[in-house]
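Subject: Structure for you to look at

Hi there,

Here is the structure I promised to pass on. Please open it beside this email, and my notes follow below.

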Amino acid sequence: MANDATQSIQDPATAGEDQYLTFILADEEYGVDILRVQEIKGWERPTPLPNTPDYIRGVINVRGMIVPIIDMRLRFGMEPLEYGPTTVVIMLRVISEDRERVMGIVVDAVSEVYSIGDDNLQPAPDFGTRIGIDFVRGLATVEEKMILVLDIDTLLGPGLIASEDAIQEGQSA
Amino acid sequence: MSMDMSQFTEAFLEESFEGLEHMETELLALNAGDEETLHTIFRAAHSIKGGAGTFGFSAISEFTHGMETLLDRMRNGQQETTPEIVNLLLRAVDVLRGQLQAARDGGEADPAEAAEVRALIEATLGDAAPDATPDALAPTVGGNVDGSGPENGPGDSDGTPRGWRIHFRPHADLLRTGNDPLRMFEVLEELGELTVHCDAEGLPATLEGYDPEASYLAWTLELRGDADRADIEEVFEWVEDECDLTIEPLETAGDSTGAHPPADPAPDGSGPESTPPGGEDSAAGAPARAASKPTESSSMRVNAAKIDALIDMVGELVITQSMLTDISEQMEEDPSRVEQQIERLRSGLAELERNTRELQESVMGIRMVPIAQVFNRFPRLVHDLSGQLGKQIDLQMEGELTEIDKTVLEHLGDPLVHLVRNAIDHGIEMPDERSAAGKDPTGRVTLEAYHRGGNVVIEIRDDGRGMNSDRILEKARAAGLLRPDQNPEPHEILQYIFEPGLSTADQVSDLSGRGVGMDVVKKNIRGLGGNIELHSEPGRGSRVTIRLPLTLSIMDGQLLKIHDETFVIPLIAIVESLQTEPENVKQAFGKLPLYRLRDEYIPVVDLAALFGQAEPSPMPDRALLVVAEADNQRVALRVDDLLGQQQVVIKTLETNFRRVPGTAGATILGDGQVALILDVAGIARMTSGRDTRAA
């Protein structure tokens, strides 16, 4: 456990360390910056949106705000999982194009909160798959587990939002 | 002494902008000899001058002074009201607006323009009284002035000074004897137009030894008008022995600008301090600028009656609430009488519903402002344009009091300006051309606003030459919007004017050819949830109709069920709902269902399929259709069930996502579920768009 990156969680002020909330997708663990997590909700059926990719499940009402819900398994091209009692939605603040949006991601389950130092973040290798990896901030090892730390601003940013927008615009012109 | 003046400065600026608008409107309506209007304009100029002086915008107050003098002469009949003078005053209004904006936002007003306009005003003033010496540029009527004063009369053409300069330096004890300079000034103000400058040099530099009951200040007052010297002396009668007082006729005081720092310039502007306004402005205005916010304030004025009504309603709400509390307590105390209490509870809830609805309406009403706020800029625009183009134009405005949501209003200005410009530039012909066509040489442009249904309708009409649909067709083909073999109806051709890249003007003029086309106008109107249509008759004129939602945030909706999803369709878009009759269900190309409604074939939309949420299903013989219309296009939505009608609060999907074609946003239903609001115009476009894609 020499390179165990878990430090005292009670001490988030440690220089160069950020806290991450991790979640599970098909037994893999992913981390997101905890400061961007607004709340964690149970799954509820969203209202589907027309002509959007399947990973955009629709929108739900969060205290009067209309929030889109994105299924992470579908986003990463993984097998879909039936939504069950442990399925959770993590509400994230996504900042892109000088705007802040709130979006929910559907994950299998929420796992832990870890402090991970920047030094312990390794750059992601070339996955050589069709999945672009520009939204992976890096890989960390915590308690012998691999955690993929995600950059949610890229993952849920303009690329995801604008998808098909161009087609639609052209169509309506 | 670093009191925060910024809030007062802000109020002054806001009022001044309003005053300028008034001046502009009145100037445009000004006819020769219309004294009442002149008075109004004069008062507006006067208060701007006074305020500017108080807040240290000396360039503004100096500049306004010249205007004021000119206006004063006009109302005294010494200066004729000519179109040239009115134009000059309008230019002056622009300069003032620039200066005020500079004062508000920081930045520089254009000193050259200010100097030029000022010089023109001075030249006009000079012309009006060519034989007068600078001392008596504006001799006033009256003539009942006590001419005994030694200072009185040098060089006056009719022996009457046009006002008095009063130096008033109270002795330290003046306040202790119960005298108040302010009251005296108020009396003076009744005698004529009063300008007050305070000299605070007598104030001790530190608080040490400062006597709060002593008077340290001195004043220089300028009283314009035909007041009698004796009247002024009477005002100071009680304090004669407690102050140093000199009263001298205006214009003769050589020391007027030397000894008393912030004194007004002589009305003819020939005083030693008539430096170019720009330079002075930057110096004097600087501190105030730093304090004022650089952005336009987003405050709005609300009719006090609206606020009062709101307070009343909140009062009722509180009563209803306590009634409901009371009912619940009684139910607990005496369960045997629950039956009766339920009856009361029901009526209480009905009351609450009424309160809520009224409150909602009133709160929305606060945001409603009369459309006049946008219309007001047009008389000036038309005035300027007709002058520039040599066209004669009569602008008619109707329904200015029609109220519209402030947000809608704010985005309405630019499109409307563009449309009115177009009407004048391209629509209205030159006077001789009109005469030759047997029309009144004066063209007419009408702006009208009215409410219809839940919409505000704005029409811009002109009686000009109308649109040349052949040219539009030609251009549309050239721009590739139409295939050569396509021959749309004349009415449809006209709508191509709203497509990007189409301008039918033979020569692109300075006015309309600014690269902002009708497509931008349409985009803006669409962005507000509205529609725009054009009608035109060659030789008779054009009419642009803009339909806008009353408010952007609430609308009446019809709830529908389609494939287990609940949707909301704007009630206004619904033409009718009907049960299909098998003989009227038609099919085109084997897959495109049409429904024959009276003499019209309407495309039937399978919304779930269009939205990519289900496989297209064949059209059953019996189905429920909702026929909806937008943008002159009708579509029939196949729905599974019609639910209730209700007011819905529109929420945009763009806040956290993006615009979704086919929807006009979303709303939250009573059970907390989100329902999408359908955009009928968008669905119509998607329907036709999908068909071409599928082909």
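Is Tyr20(A) buried or exposed? Tyr20(A) is buried, because 27 other C-beta atoms lie within 10 Å. For the cut-offs: a residue is called buried if 20 or more other C-beta atoms lie within 10 Å of its own, exposed if 12 or fewer, and partly exposed in between, with C-beta atoms placed from the backbone.

Before going further, a word on the source. This is a predicted model, in which local features need pLDDT of at least 70, side-chain atom pairs count only at pLDDT 80 or more, and totals for chains, interfaces and linings use all residues. Residues are numbered from 1 along each chain as its sequence is written, while chains are lettered from A and ligands numbered from 1 in the order in which they are written.

Back to Tyr20(A), which sits in strand β1 (residues 17-25) of chain A. Helices (H or I, at least four residues) and strands (E, at least two) are DSSP runs, numbered from the N terminus.

In chain A, 5 strands make an open sheet of mixed pairing, in the order β8-β1-β2-β10-β9. At its edges are β8 (109-117) and β9 (136-142) of chain A, each pairing on one side only. Ignoring direction, neighbouring strands of this sheet are turned by 35° against each other on average, with axes being lines fitted to C-alpha atoms. β1(A) and β8(A) pair in the antiparallel sense over 7 bridges, where pairing takes at least two DSSP bridges between two strands. Ile24(A) has Ala109(A) as its bridge partner in β8(A).

Chain A as a whole holds 4 helices and 10 strands. Of its 173 residues, 32% count as buried. Among its contacts between residues at least 6 apart in sequence, 57% join residues at least 24 apart.

One item from chain B: helix α14 (residues 413-427) has 15 residues, and at 1.5 Å a residue they should span 21 Å. The expected span is 1.5 Å times one less than the number of residues. The end C-alpha atoms are 20 Å apart, which agrees. In α14(B), 11 of the 15 residues are buried, among them Leu416(B), Leu419(B) and Ile424(B).

Best wishes

Note on methods:
Contact = placed C-beta atoms within 7 Å. Axes fitted to C-alpha atoms, helices over the stretch in contact; angles between N-to-C directions.
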